[in-house]
Amino acid sequence: MTTPPPLLQIDRLTRQRAGRMALQDLCLTVDRGEVLGLLGVNGAGKSTTLGMIAGAMRPDSGSIRLDGEDFLERPELGRLRIGWLPERAPLWQELTVREHLYAHGRLRGLHGAALTSACNGMLERLELAPMACRLAGVLSQGQRQRLGLACAMLHRPDLLILDEPANALDPVQVAALRQLIREEASRGAAVILSTHLLAEVTTVCGRVAILHEGRLRHTGLVQAADLPTLERQFFDIAMNGRSHAA
Ligand SMILES: Nc1ncnc2c1ncn2[C@@H]1O[C@H](COP(=O)(O)OP(=O)(O)OP(=O)(O)O)[C@@H](O)[C@H]1O
């Protein structure tokens, strides 16, 4: 029996930005039901990585496979199978919260009763129902972030990419976000979570990848009680560019 390919397989992904190497030779796999934490200091290459996986940016070289299929050859796969919350949720100021969800749902192939049910479900799940008729332009930062999350999760993507999703969320919403991530993983979605918060990684991630200066410096399993070890690894890499584990 042949083993199925991992949900996401990245091989030697490389990209320059503004004449500098933003990401070099990244190799990484992510499986269904897995939550991978992506760590790194400012400018380490996290958003560049996530933008390429989401299909918003093309690599200079390397490959990205989704369920074994060449994603760079078939970028339309991403629209249906990937949900992406970039660092700043891209919202139309003049559309309401509900209109955002409907627009995102239609773009991702939802129609009729399935679309209405998905939108209503997300309004409840992200506690957006009371502001469903408000324009995005008048939402608070945290509310905008929650709407961005709702848009990313609406179509039950196989791969959910979250770039610093806890930004601007209050502690209650951060706890709710962690629960949402766990729920997405338990239904079989793979989640990649970029964050600066090490506790975020030890709380919800099963595995961690640490980038530094565009290179992958460490990957490993995360245990719930592992915060001090992760802190040591992270600061070692950030300060010296090398890993304890390595
Ligand atoms: N719009 C851009 N134009 C040119 N270079 C960029 C742009 N955005 C990022 N870069 C460069 O690409 C490299 C990687 O940046 P990236 O934003 O991926 O890092 P990051 O780990 O997400 O950082 P942060 O934690 O600050 O969000 C950096 O050297 C950065 O200066």
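Ala, Val, Leu, Ile, Met, Phe, Trp, Tyr, Cys and Pro count as nonpolar, Asp, Glu, Lys and Arg as charged, and the others, Gly among them, as polar. The model described here is predicted.

**Helices H3 and H4**
- Helix H3 (residues 97–107) and helix H4 (residues 112–125) have axes that come within 10 Å and cross at roughly 135 degrees.
- The two helices, H3 and H4, are therefore oblique to each other, and their crossing is right-handed.
- On the H3 side, Arg-98, Leu-101, Tyr-102, Gly-105 and Arg-106 take part in the contact, and they meet Leu-115, Ala-118, Cys-119 and Met-122 of H4.
- Sorted by class, the contact of H3 with H4 holds six nonpolar residues, two charged and one polar.

**Positive phi angles**
- Arg-12, a residue other than glycine, has a positive phi near 50 degrees.
- Arg-12 belongs to strand S1 (residues 8–17), and it counts as exposed because it has 12 C-beta neighbours inside 10 Å.
- Ala-168, also not a glycine, has a positive phi near 70 degrees.
- Ala-168 sits in the loop between strand S7 (159–163) and helix H6 (171–186).
- With 16 other C-beta atoms within 10 Å, Ala-168 is partly exposed.

Note on methods
Residues numbered from 1 in each chain as written. Predicted model: local features only at pLDDT ≥ 70, side-chain atom pairs only at ≥ 80, totals over all residues. Axes fitted to C-alpha atoms, helices over the stretch in contact; angles between N-to-C directions. Helix = DSSP H or I, 4+ residues; strand = E, 2+ residues; numbered from the N terminus. Parallel < 35°, antiparallel > 145°, perpendicular 65-115°, else oblique. Left-handed = near helix turned anticlockwise from the far one by under 90°. Contact = placed C-beta atoms within 7 Å. Buried ≥ 20, exposed ≤ 12 C-beta atoms within 10 Å, placed from the backbone.
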